[in-house]
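Open the model in your viewer and switch to a cartoon view. This short tour tells you what to select at each stop and what is there.

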Amino acid sequence: MGRVPAGPQVVSGEGPERRSGAARHAFAGETARRWVLHIDMDAFFASCEQLTRPTLRGRPVLVGGTGGRGVVAGASYEARVFGARSAMPMHQARRLVGVTAVVVPPRGALYGVLSGRVFDTLRSRIPVLETLSFDEAFGEPAELAGASVSAVLDFCAELRAAVRESTGLVASVGVGTGKQLAKIASGMAKPDGIRVIAPGEQQGLLAGLPVRKLWGIGPVAESRLRALGIETVGAFAALPEVEAVSILGGSIGAALHRLARGIDDRPVAERAEAKQISAETTYETDIVTLEGLRPAITEMAAAAHRRLVRDGRAARTVVLKLKRADMSITTRSSTLPYATEDLATLTSAAQRAALDPRDLGPVRLVGVGYAGLSAIRQESLFPELDRLGADSTDPGADTADLGETVSPARDLASGSPGDDTNGPVGQGVPAAPSVAGPADGEPGPDGTELPVAAPEFMAPEQESSVDSVRTTVGNTPSGAPAWPVAESRAETVGAAADPGVTAGGVVDWRAGSDVVHPEFGFGWVQGAGHGRVTVRFESRSTGPGIARTFSADNTELRPADPLGSLS
Ligand SMILES: [Mg+2]
């Protein structure tokens with residue numbers, strides 16, 4: 001394989017932990033039977049924003065919802081320096097970062113396209129990829145079986161260069177003799193690095209980690225071990241296996257004990273997709289009427305639907321399952337002319353399949369399943385992002401719920417749904433001096449102050465989910481929203497990326513929306529309110545653009561596809 005020049009970031013090796021260059025790796029000549037790579041994009045969402053909105057480069061960017069209970073979906077490294085993290089309440093992150101924080105709503109369509117390009121590039125070098133989320137994957141390149149550390153470093157440098165070339169984004173790569181070590185290594189590699197854990201160092205490295213960093217150790221297991229004075233992976237590994245088994249139980253105890261000793265033979269494999277997504281509940285008292293059955297079906301249809309959208313899929317077939325008091329089961333299905341992820345359509349299909357318990361007999365369990373699954377358009381791969389700023393739902397419950405859904409990102413027992421928040425060794429976010437310190441009040445490249453402040457424009461409606469925004473937009477008086485918000489410190493806020501069009505035909509501009517103007521080209525709304533809208537005209541290739549303010553009813557300014565910012 002030809003080697004693309006690795007770029008300065010690969011060989012920089014500023015600190016003792018940055019073993020990037022092959023020459024400086026103490027174990028360069030060491031080989032391993034297998035090498036597993038964990039490829040993880042650096043601050044993926046925030047990096048996508050900085051890539052396509054050049055003004056944001058070098059700035060503390062927070063991606064997420066801005067509503068009262070909005071949550072950070074992604075934070076740039078510049079924001080992490082202040083302690084901002086994914087899955088943190090947005091108000092807390094803003095407080096930590098201070099006035100330089102730039103808050104933008106997630107643009108799932110953009111992240112979906114860039115994620116696709118990342119995986120395409122990775123697959124061109126590593127045909128079998130086990131994707132963990134939209135920005136993370138395991139790979140085990142066949143050509144690296146038996147290779148030296150030095151050869152692995154070369155492979156990874158080329159891989160990172162290829163990703164950077166095709167996407168403009170930075171991937172960090174961790175490598176070890178198994179998945180767990182690879183994941184630990186990528187946490188150490190971040191940001192913008194490669195870390196190979198050689199067989200000769202893995203035991204010492206594992207031994208010092210807190211025991212909770214072991215893949216699969218949950219809070220219960222951790223507290224059980226701590227109660228016995230076992231705080232580190234090394235202490236756990238030092239136990240006789242029979243003792244590990246007696247503390248944590250049969251198969252789990254044995255498996256974790258093997259991992260603690262650095263034995264991790266789990267294969268890297270493409271994920272099988274679920275054939276059916278369903279939800280069911282047994283009711284405390286039997287349901288005896290159709291009127292009683294209807295709400296139960298609606299509830300289960302919605303529960304299964306939440307999993308469906310999180311899995312990024314649409315369903316064509318809806319299956320209703322009714323278990324009677326005598327334990328016999330009736331299932332009825334209906335198939336739609338096309339696959340859909342629309343809750344109302346799916347719910348009514350489930351309702352059409354209902355049978356009256358007065359005829360069927362008392363019902364104790366109701367289930368709704370979706371089958372005939374297909375991938376849906378890419379922007380819907382990130383429905384949780386759209387909901388992150390939602391006040392109409394409970395983000396707390398939503399976030400917690402992410403841990404037990406069918407979404408492929410969620411099976412890392414030690415992981416969380418956040419973006420880059422949890423390198424297994426807690427070293428994922430070094431405060432690199434080069435990004436420390438806000439550019440407080442620093443003039444932008446064009447001499448204006450960045451970003452443009454336009455705080456008073458958020459109506460309560462705008463802080464609800466995209467769906468409810470769409471349904472309430474028609475009722476919103478056109479022009480400036482009636483309720484300025486008190487929170488005015490962050491310069492750019494917005495919950496929904498799509499501008500709505502009011503009854504009068506005036507676009508209801510939202511911060512973070514993409515727009516296009518016949519004279520100034522592509523841009524994004526930095527702020528809106530009081531009948532005005534401020535737009536930063538820029539896209540990936542333009543460099544930092546200029547900001548201009550228009551009247552909100554300017555007819556030349558039009559909503560644009562977020563993907564336009566890639567040009
Ligand atoms: Mg990542």
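Predicted model: local features only at pLDDT ≥ 70, side-chain atom pairs only at ≥ 80, totals over all residues.

**Stop 1: a helix across the strands**

**Stop 2**

What is the order of the strands in the open sheet? It reads 3-2-4, and the pairing is mixed. Strand 3 and strand 4 are the edges; each has a single partner strand, so one side of each lacks a neighbour in the sheet. From one strand to the next, the twist averages 25 degrees.

Zoom in on strand 2 and strand 4. They pair in the parallel sense, over three bridges. Pick Val 63 and look across: Val 104 in strand 4 stands opposite.

**Stop 2: back to helix 2**

Select residues 44–52, which form helix 2. Nine of the nine are buried, so the helix is largely enclosed by the rest of the structure. Show the side chains. Among the buried residues are Phe 44, Phe 45, Cys 48, Glu 49, Gln 50 and Leu 51.

What do the buried residues of helix 2 pack against? Colour these partners: strand 1 (36–41), strand 2 (61–64), strand 3 (72–75), strand 4 (102–104) and helix 5 (108–125).

Key. Residues numbered from 1 in each chain as written. Buried ≥ 20, exposed ≤ 12 C-beta atoms within 10 Å, placed from the backbone. Helix = DSSP H or I, 4+ residues; strand = E, 2+ residues; numbered from the N terminus. Contact = placed C-beta atoms within 7 Å. Pairing = 2+ DSSP bridges. Axes fitted to C-alpha atoms, helices over the stretch in contact; angles between N-to-C directions.
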